[in-house]
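Dear colleague,

Please find below the structure that I am handing over to you. My notes on what was found in it follow directly after.

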Amino acid sequence: MTACTYCGCDVTAHDPVYVEEVEDSDRVPAGQFCNYGCLAAHVETEGLAEGTTCRID
Ligand SMILES: [Zn+2]
């Protein structure tokens with residue numbers, strides 16, 4: 001099974017979303033989530049989105 005990065009459930013039992021990051025121009029897995037709800041909760045909990053907006057109107 002593939003455990004959700006946020007809640008630890010098996011993501012394949014839900015509607016999985018996968019995240020990748022780029023390191024030295026290679027794509028590397030950065031987490032997997034049951035759905036966008038778990039992804040959003042993880043981002044919120046870890047503060048991953050703070051100060052990372054690429055454009056501010
Ligand atoms: Zn989850």
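**Findings**

Gly37 has its place in helix H1; helices here are DSSP runs of H or I with at least four residues, strands are runs of E with at least two, and both are numbered from the N terminus. With a relative accessible area of 46%, Gly37 is partly exposed; buried stands for under 20% relative accessible area, exposed for over 50%, and partly exposed for what lies in between, using a 1.4 Å probe and protein chains only. The C-alpha atoms of Gly37 and Thr2 are separated by 17 Å, and these residues are 35 apart along the chain.

Please note that this is a predicted model, in which local features need pLDDT of at least 70 and side-chain atom pairs count only at pLDDT 80 or more, while totals for chains, interfaces and linings use all residues. Residues are numbered from 1 along each chain as its sequence is written, and side-chain values use heavy atoms, with hydrogens and water left out.

**Overall layout**

The chain contains one helix and two strands, and its elements run β-β-α from the N terminus on. Its C-alpha atoms fill a box of roughly 40 × 25 × 15 Å along the principal axes. Of its 57 residues, 16% count as buried. Contact means heavy atoms within 4.5 Å; among the contacts between residues at least 6 apart in sequence, 29% join residues at least 24 apart.

**The zinc site**

The zinc ion has as its protein donors the SG atoms of Cys4, Cys7, Cys34 and Cys38, at 2.3 to 2.4 Å. Donors are N, O and S atoms within 2.8 Å of the metal (3.2 Å for Na, K and Ca), and since water is not among the atoms, sites may look incomplete. Along the chain, the donors follow the spacing C-x2-C-x26-C-x3-C. Cys4, in the segment before strand E1 (17–23), and Cys38, in helix H1, form a pair that links distant parts of the chain, 34 residues apart.

The arrangement is tetrahedral because the four donor atoms subtend angles of 103 to 115° around the zinc ion. Four donors count as tetrahedral if all angles lie between 85 and 135 degrees. For reference, the ideal angle for four tetrahedral donors is 109.5 degrees.

Cys4 is buried, at a relative accessible area of 4%, and Cys34 counts as buried at 3%. Cys38 is likewise buried, at 12%, whereas Cys7 is partly exposed, at 39%. The structure holds zero disulfides, a disulfide being a pair of cysteine sulfur atoms within 2.5 Å.

**Core and neighbouring contacts**

Which residues make up the largest nonpolar core? The seven residues are Cys4, Val11, Val17, Phe33, Cys34, Cys38 and Leu39. A nonpolar core is a set of buried Ala, Val, Leu, Ile, Met, Phe, Trp, Tyr and Cys residues joined through side-chain atoms within 4.5 Å. In soluble globular proteins, nonpolar side chains tend to be buried together.

Leaving aside neighbours within four places in sequence, Cys38 is in contact with Cys4, Tyr6, Cys7 and Phe33. His42 also has its place in helix H1, which covers residues 36–46. His42 counts as buried because its relative accessibility is 13%. Not counting residues up to four places away in sequence, His42 touches Thr5, Tyr6, Phe33 and Leu48.

**The strands and the loop between them**

Asp24 is found in the loop between E1 and strand E2 (26–33), and Ser25 lies in the loop between E1 and E2 as well. The phi of Asp24 is near 50°, a positive value in a residue other than glycine. Ser25 also has a positive phi, near 60°, and is a residue other than glycine. Most residues other than glycine have a negative phi. Asp24 is exposed, with a relative accessible area of 74%, and Ser25 counts as exposed at 68%.

A search of the whole structure finds one salt bridge, defined as a side-chain nitrogen of Lys or Arg within 4 Å of a carboxyl oxygen of Asp or Glu. Arg27 forms a salt bridge with Glu20, and their closest N and O atoms are 2.4 Å apart. Arg27 is exposed, at a relative accessible area of 65%, while Glu20 is partly exposed, at 43%.

With kind regards

Terms used
Tetrahedral: all angles 85-135°; square planar, octahedral: opposite > 155°, others 65-115°.
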